[in-house]
Amino acid sequence: MNIEPKEKLLKIINHYGVIPQLKYFQSEVFELNEAIINRELKDTVEYEIPLTEIIGAKDHIAEEIADVMVMLEQFKLYYGISSEEIINIFWSKVDRQLKRMEEE
């Protein structure tokens with residue numbers, strides 16, 4: 001059975017439902033946040049085991065980003081939002097922030 005990537009993602013969100021997936025998304029975002037914070041604080045806190053071996057490694061952050069991206073792709077497909085729409089909004093927000101920074 002060869003299922004297209006988009007079909008796989010839609011199958012997941014349709015199986016569990018959007019609200020349960022939203023709750024799961026929250027936990028994935030928290031895990032990404034935690035991995036980044038731990039990586040940034042690894043030199044300021046004393047641990048018995050080096051933090052980079054546990055939860056602060058670059059590979060762990062990459063894994064958590066991938067988890068968040070899987071969830072985001074599900075929501076994009078579920079709501080019929082194209083990557084192009086998001087990219088346009090993305091760059092508009094980047095430009096707006098750069099303008100704000102210039103005004104500071």
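Searching the whole structure turns up one salt bridge, a term that here means a side-chain nitrogen of Lys or Arg within 4 Å of a carboxyl oxygen of Asp or Glu. The partners are Lys76 and Glu73, with 2.9 Å between the closest N and O atoms. This is a predicted model, where local features need pLDDT of at least 70, side-chain atom pairs count only at pLDDT 80 or more, and totals for chains, interfaces and linings use all residues. Residues are numbered from 1 along each chain as its sequence is written, and side-chain values use heavy atoms, with hydrogens and water left out.

**The salt bridge**

- Side chains of opposite charge can pair when their charged atoms come close.
- Lys76 and Glu73 are separated by about one helical turn, because they sit three residues apart in helix α4.
- Lys76 counts as buried, at 11% relative accessibility, while Glu73 is partly exposed, with a relative accessible area of 31%.
- For those labels, buried means under 20% relative accessible area, exposed means over 50%, and partly exposed is in between (1.4 Å probe, protein chains only).

**Fold and confidence**

- Helices (H or I, at least four residues) and strands (E, at least two) are DSSP runs, numbered from the N terminus.
- Of the chain's 104 residues, 19% count as buried.
- Mean pLDDT for the protein chain is 89, and 86% of its residues reach 70 or more; pLDDT is the predictor's confidence in each residue, from 0 to 100.
- Confidence is lowest in helix α3 (residues 51-54), with a mean of 53, and highest in α5, at 98.

**Surface patches**

- Glu31, Glu34, Asp59 and Glu63 form a negative surface patch.
- Helices α2 (18-41) and α4 (58-78) are the elements that give two or more residues to the negative patch.
- One of its members, Glu63, lies in helix α4 and is partly exposed, at 46% relative accessible area.
- Tyr78, Tyr79, Ile81 and Ile86 make a nonpolar surface patch of about 370 Å².
- Ile81 is in the loop between α4 and α5 (83-103), and is partly exposed with a relative accessible area of 35%.
- As for the rules, patches are made of residues with over 30% relative accessible area and no salt bridge; like charges are joined within 9 Å, and nonpolar side chains (Val, Leu, Ile, Met, Phe, Trp, Tyr) within 5 Å.
- Lys and Arg count as positive and Asp and Glu as negative, with His and the chain ends not counted; the place of a charge is NZ of Lys, CZ of Arg, CG of Asp or CD of Glu.
- Accessible areas come from the Shrake-Rupley method with a 1.4 Å probe, and for residues only the protein chains shown count as cover.

**Helix α2 and its C-alpha separations**

- Gln26 lies in helix α2 and counts as exposed, at 51% relative accessibility.
- From Ile36 to Lys58 it's 22 residues in sequence and 8.8 Å in space, C-alpha to C-alpha.
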